[in-house]
Amino acid sequence: MLNYDDELKDLRRQIFLTARKGGTSHLASCFSCLEILYTLYIRHVMNFDPENPDMPERDRLILSKGHAGLALYTVMCRAGYLTPEKLATYLQPRTELGGEPSRRDLKGIETSTGSLGHGLPAGIGMALAQKMDAIPARTFVLVGDGELQEGSVWEGVISARAFGLDNLVMILDCNGLQKMCTVEETISFVEWRRKFEAFGWSVDEVDGHNVDELERVLSTGNVTGLPRLVIAHTVKGKGVSLMENNPLWHFRMPNRKESKIFAAELGLTQEEMN
Amino acid sequence: MQRAYMSALMELAEKDKNILHLIADSGTGFDEMFRRNFPGQMYNFGISEQLMTGAAAGMAIAGKIPFVFTYGSFLVHRAFEFIRNDICFQNISVKMAGMGCGLSVSTLGPSHHTTEDISVLRSLPNLTLLSPATPAQTAESVRTAYETPGPVYVRIGMNNEREFFGESYTPSISGLDEVITGREVVVFSTGSILAEAYEAVNLLRESGVDAGLVNVWRLKPFDSGAFLEAVKGAGLVVSVEEHSIHGGLGGILSEVIAEKGGPRLRRIGLADKFAAGYGTLERVRAENGLDAKSIYESITEAMR
C-alpha cells in the first residue's frame, strides 16, 4: 500500500497524464486542491457510498471552483465512482467527462459548476434541505479565493449565518492566485478570516497540503448554529516547481521542453510520457 | 393574481410537504398566512435573487419542490445565469413565478418593468413557460407547474386582472384559449393585457370586422399546430403583449409563420424601446400604444 505522499504523487501523475491525453486542463487549480479532495473522499471525512450515490444521509460536496473538475473526477475514480477506463475518456470524442464537473455526466456530482459563485448558493439550498429532513449530514463547498470576488458568494455568506447552517462547511482553496495575477493585486485587502468572522462565521486555518491536518480539522463538527469556513492555505500548481505560484499556468499545458520538468518532478518514466 | 397564486400554492403545500415557498423580501400579502399554516415550508432569502435561485436548485436536487417568487425583472434579469446553469441545464424541479410582469409596476419605470423575460427565457432548453392572463389561469398555472416535471416559469401580472374564464376553468391542452370567435383577423394576446386586447377586438367587431381573440396561456412549448389551425383562412394575425416585440409572443408567431406559412403578422408590444412615462398602468399603456384604442388603431392600419 502506498503512503499518502506517494498516493498523492500518483494522483498528480494521473491527472497530468489524463489532461495530456485529453489535450488540456486547469492543472494548477487541480494540484492546488488535490489534498483537500483526497482528504474528503479517500480519508473518508465524508460519508458516501459510490454504490449508492443518492443515499439521502450522505455528505455532499460541491466543487464550486469547477476548473478543478479533473482533480475531482480523478479522486472520485479512486473512491469508486467511476472506472479508470471512464476517466481515460476525459475530453475524448463523445466523452461524458469535460473540463467542469457536471451532474448530467456522472453520478455523485452533486451539482454542475463552472461559472464561479454558484456553489455556495446551491450548498445553502442543500444544507437547508438536510435540516428540513433532519438528516445529520454535512454539505461541503470548495471555493477558490479569487472566486470570493463574486457577489453571489456574499449573498450566501450573509444568509448561511442567518439560517444558522451549522451543517455547512465552506473550504477555501486559498492559493492567492487568480487567472491574471494575484488576488492581492486584484482586490488589495485580503483578510479572509476577519471578513468571515465579521459575517458571523467560525473560521479555521490549515495547511491545505497537509492531509493529516486537513483530516483533523474537517472531521470535527461546526460550532452549533454557525456556518464554518476552513481556510486551506495552498500553492497553486503544487508539485511542479514550474507551475507553482505562477499565474501563467492558470490554463496552460507544458510544451515539449517543459514536459521534461513535469515528468521529472512527478516521477513519470519516458514510457509513461509516450 | 397573487391571491390566486397563493391559494393554489397553499392547496398544494397542504398535500405535499416538499413544496416550498421561497421569497426575496418581496412577498404577496399572504406570506404570513402561509408561514402560519406551513411552518418550515417557507424561506425568505432577503434581497438576494441570485442566492434564492441558486439555493432553490440545491433544494430541488435534494428532493424539494421550491416555488420561487419575486418581481419578474429581478428574478429573470438579475438571476438569469442561475436560472440557466443551475436550474435549466440540470433540468430540475424549480418552479419560478415572476410577479408584476409587463408594465404592472407602472409608477417606477423600466427598472421595475419585466418586458424582456419571455425573450430571454424562451431560449433556455427544458423550461416550460406559462403566461396566465387571469386569476383562474394563475391558479391553474401553479397546479400545472407542480405537475410538469422540470423547470417552469410563470409570468404573473399585478393589476387586479379581471376574470375571463370562470371558476370551473380548465386550460386547453394546446395552451391556446379562444375568447372571441372571428375569422378575418385573429388577435393573439398573452398575460394581463388580455383585457385591452378584448376591448380592441370588440371595437373591431363593432366596426364590422370579423375579428377573433385567442389567449395564449402557454408560450413554451408552443403548440404551433393549434395556432395554424386557429388562423386558417385569416387575412391578418396580430400579437399583443406587454413585452418587447422581439422574441416574445410576436417572435414566436413570426417563427411559426416564417417556417410553416400563414397569414401576415402585425406585432404589437414595445417596439425595441423601454416604456415611456410613469403613472397609472392605464396611462402608461396608452403612452406606449398598448391600450385598447391604440391596439385597435394599429390593427386597422395593418389591415389596409
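Biologist: How far from the ring centre of Phe164(B) does Arg162(B) lie?
Modeller: This is a predicted model. In it, Arg162(B) lies over the face of Phe164(B). A charge sits over a ring only if it is within 6 Å of the ring centre. For Arg162(B) the distance is 4.2 Å.

Biologist: Over the ring of which residue does the charged end of Arg12(A) sit?
Modeller: The charged end of Arg12(A) is 5.4 Å from the centre of that ring. The cut-off is 6 Å. The ring belongs to Phe31(A).

Biologist: How many aromatic pairs are there over all chains?
Modeller: Ring centres must lie within 6.5 Å to pair. By this rule the count over all chains is 17.

Biologist: Is Tyr81(A) buried or exposed?
Modeller: Buried means under 20% relative accessible area. Tyr81(A) has 14%, so Tyr81(A) is buried.

Biologist: What is the angle between the planes of Phe222(B) and Phe227(B)?
Modeller: Both Phe222(B) and Phe227(B) are buried. The two form a tilted aromatic pair, 5.9 Å centre to centre. The angle between the planes is 55 degrees.

Biologist: What is the volume of the largest pocket?
Modeller: Its lining has 2 nonpolar, 8 polar and 6 charged residues. The volume of the largest pocket is about 320 Å³.

Biologist: Which residues that line the largest pocket are the closest to its centre?
Modeller: The pocket is lined by 16 residues. The closest to the centre are Leu116(A), Gly146(A), Glu147(A), Gln178(A) and His250(A).

Biologist: What is the radius of gyration of chain A?
Modeller: Chain A has 11 helices and 5 strands. The globule rule gives 19 Å for 274 residues, and the value for chain A is close to that, so chain A is as compact as a globular protein of that length. The radius of gyration of chain A is 18 Å.

Biologist: How many strands does chain B have?
Modeller: Buried residues make up 62% of the 304 residues in chain B. The secondary structure of chain B includes 12 helices. Its strand count is 12.

Biologist: Which peptide bond is cis, with omega near -5 degrees?
Modeller: Most peptide bonds are trans. The proline here, Pro221(B), is in the loop between strand 10 (218–220) and helix 9 (224–230) of chain B. The cis bond runs from Lys220(B) to Pro221(B).

Biologist: What is phi of His44(A)?
Modeller: His44(A) lies in the loop between helix 2 and strand 1 (60–63) of chain A. His44(A) is exposed, with a relative accessible area of 52%. Phi of His44(A) is positive, near 55 degrees.

Biologist: What is the relative accessible area of Asp272(B)?
Modeller: Asp272(B) has a positive phi, near 55 degrees. Asp272(B) lies in the loop between strand 12 (264–270) and helix 11 (281–287) of chain B. Exposed means over 50%. Asp272(B) is exposed, at 64%.

Key: Residues numbered from 1 in each chain as written. Chains lettered and ligands numbered in written order. Predicted model: local features only at pLDDT ≥ 70, side-chain atom pairs only at ≥ 80, totals over all residues. Heavy atoms only, no water. 1 Å grid on protein atoms, 1.4 Å probe; cavity = no way out; pocket = protein on both sides within 12 Å on 5 of 7 lines; lining within 4 Å. Points joined across faces, edges and corners; volume = space filled by probe spheres on them. Nonpolar A, V, L, I, M, F, W, Y, C, P; charged D, E, K, R; others polar. Phe/Tyr/Trp six-rings, centres within 6.5 Å; stacked < 30°, edge-to-face > 60°. Buried < 20%, exposed > 50% of the residue type's maximum accessible area, 1.4 Å probe, protein only. Lys NZ or Arg CZ within 6 Å of the ring centre and 35° of its normal. Helix = DSSP H or I, 4+ residues; strand = E, 2+ residues; numbered from the N terminus. Rg over C-alpha atoms; globule rule 2.2 N^0.38 Å.
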